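User: Hey, I'm new to this one. Can you put it up and walk me through it?
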Amino acid sequence: MSTLQRRSWAEPFKIKAVEPLKMTTRAERESYIAEAGYNTFLLRSRDVYIDLLTDSGTNAMSDYQWAGMMMGDEAYAGSENYYRLEKAVQDFYGYKYLVPTHQGRGAENIISQILIKKGQYVPGNMYFTTTRLHQELSGGTFVDVIIDEAHDSQSTHPFKGNVDLKKFESLIARAGAENIAYITIGATVNMAGGQPIAMENLRAVHALASRHGIKVVLDATRAMENAFFIKKREAGYADKSIKDILREMCSYSDAATMSGKKDLLVNIGGFLALNDYDVFEEARNMVVVYEGLHTYGGLAGRDMEAMARGIEEACQLDHLQARIGQVEYVGNRLLELGIPIVKPIGGHAIFLDAKQFYPQLEQTKFPAQTLAAELYLESGIRAMERGIVSAGRNKETGDHYFPKLELVRLTFPRRVYTQAHCDVTVESVYEVWQNRSKVKGLTMVYEPKYLRFFQARFEKL
Ligand code: F0G
């Protein structure tokens, strides 16, 4: 049975180019992580063995995409690749208008500035770091309306990305629809553990929002992966194609922000996609200020071509099966070893529950930051903190946000690592788990003002 399961996610590709990895000694890693202020973002990539920091921009492109790179039309205006990308977005996602951006946060900046008036609320199914920051910089206040199960690492709800319609409705009643800029829907929800939203829920959110004249903005960064979960888990979708499911998902939104660096199998790129012509016109005007002309948005022509081709590849069922199957394989092995991870296993990553690793550490001793550092020390594997450091501070009170979830994310780049790398990862996490009682935590010695997790520095307690 287990052999059969493994085969079911075997990679639908073979390897054509390889990139050597460096192995390091424990003594070397001790000095590297201390130099990096116990922040895995500050490590040099050459000192990392298996890099599970992020699935963002770290994907392996196909020969088809690389061939497309040679077809880059690097004209300042009207690049052919822009039109190819526009067509792919219209065809696969179904939005009318496209504004390319250098990556996801470029699109977030533009849509936040256009749609948010100072003092308005912006509900969403859990925050994402850059998304919320752009909303705040535009004068908005984020309100979390995700279901409670999403904040419980052990709830096995199949769609932990769902919006709690009662929370959304009560915000509308409390604040008034005119004080709500729009609702952001993440699909899948990164900070909840890569958890999907159900089509039924998305449909209901759209219906409720529309009744009150509130726009729905989809964060489509990992929407193809969300579509895969809908196909596997939601009644009525087993026989639908990923493309059809994706189109239906997008049909319940007015606009999408996109980081192509995830789903779309590229190293750089993103876009804002829209249906409303007036908003499009403003966005197209603004992109010129922040990103570049509206037919390249901070990207080279070749990057747009790679992303257009990535769209075609990303929604292939066998690709998604292998991609999500690999994550599932690691997750199931960790569960067999009794290691606490967020359940169900998400789409792009395994999230270790740092609170359960280190019950001896209060959240102000940064359990997840500590765990990420310990894992690097153990084996040279790089993971990412997704807990109190990532959550940042409340802009009014200046206090830390204390998120319920204190997690370390092992994020899998698409088409990059082999099953043997996965096994090494499992063994290393197990070793760190075995040594968990000795750990004393960290103290923060430098804190940047924005998105502090990227550059904060720590010392061992
Ligand atoms: N939305 C989601 C759900 C994301 O995961 C990210 C990036 C963004 C927006 C912003 O996109 O990086 O292209 O500007 N997430 C990366 C990560 C950084 O590691 O999860 P970007």
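User: Which way do S9 and strand S12 run, and how many bridges join them?

Analyst: They run antiparallel, and five bridges join S9 to S12, which covers residues 407-411. In S12, Thr411 is the bridge partner of Ala349. Keep in mind that this is a predicted model.

User: Got it. Are the residues of strand S9 buried or exposed?

Analyst: S9 is residues 349-353, and five of the five are buried, so the strand is largely enclosed by the rest of the structure.

User: Which residues point which way from S9?

Analyst: Ala349, Phe351 and Asp353 point one way, while Ile350 and Leu352 point the other way.

User: What's up with the peptide bond from Lys343 to Pro344?

Analyst: That one is cis, with omega near -10°. Pro344 sits in the loop between helix H13 (317-336) and S9.

User: Which other residues does a cis peptide bond join?

Analyst: Ala187 and Thr188 are joined by one, with omega about -10°. You'll find Thr188 in the loop between S5 and H8.

User: Which strand do five bridges join to S5?

Analyst: That's S6, residues 215-219, and the two run parallel. Gly186 stands opposite Asp219 in S6. To get from S5 to S6, the chain goes through helix H8 (residues 199-211), and this β-α-β crossover is right-handed.

User: Is it mostly covered or mostly open?

Analyst: Mostly covered, as ten of the twelve residues in H5 are buried. Among them are Glu108, Asn109, Ile110 and Ile111.

User: How far does H12 reach?

Analyst: Helix H12 (residues 301-314) reaches 20 Å from its first C-alpha to its last, close to the 20 Å expected for its 14 residues. Twelve of those 14 are buried, so H12 is largely enclosed by the rest of the structure. The buried ones include Asp303, Glu305, Arg309 and Glu313.

User: What about the surface? Which residues make a nonpolar patch?

Analyst: Phe13, Ile15 and Val18 make one of about 320 Å². Ile15 is in the loop between helix H1 (2-8) and helix H2 (26-35). It counts as exposed because its relative accessible area is 58%, and the cut-off for exposed is over 50%.

User: Last topic, backbone angles. What's phi for Tyr38?

Analyst: Near 55°, a positive value in a residue other than glycine. Tyr38 lies in the loop between H2 and strand S1 (50-51). With a relative accessible area of 12%, Tyr38 is buried.

User: Why does Arg415 count as partly exposed?

Analyst: Because its relative accessibility is 21%, and buried means under 20%.

Note on methods. Residues numbered from 1 in each chain as written. Predicted model: local features only at pLDDT ≥ 70, side-chain atom pairs only at ≥ 80, totals over all residues. Heavy atoms only, no water. Buried < 20%, exposed > 50% of the residue type's maximum accessible area, 1.4 Å probe, protein only. Helix = DSSP H or I, 4+ residues; strand = E, 2+ residues; numbered from the N terminus. Pairing = 2+ DSSP bridges. Patch = residues over 30% accessible without salt bridge, like charges linked within 9 Å, V, L, I, M, F, W, Y side chains within 5 Å. Areas by Shrake-Rupley, 256 points an atom, 1.4 Å probe, with all protein chains shown as cover. Salt bridge = Lys/Arg side-chain N within 4 Å of Asp/Glu carboxyl O. Right-handed = clockwise from strand over helix to strand, strands pointing away. Expected span 1.5 Å × (residues − 1).
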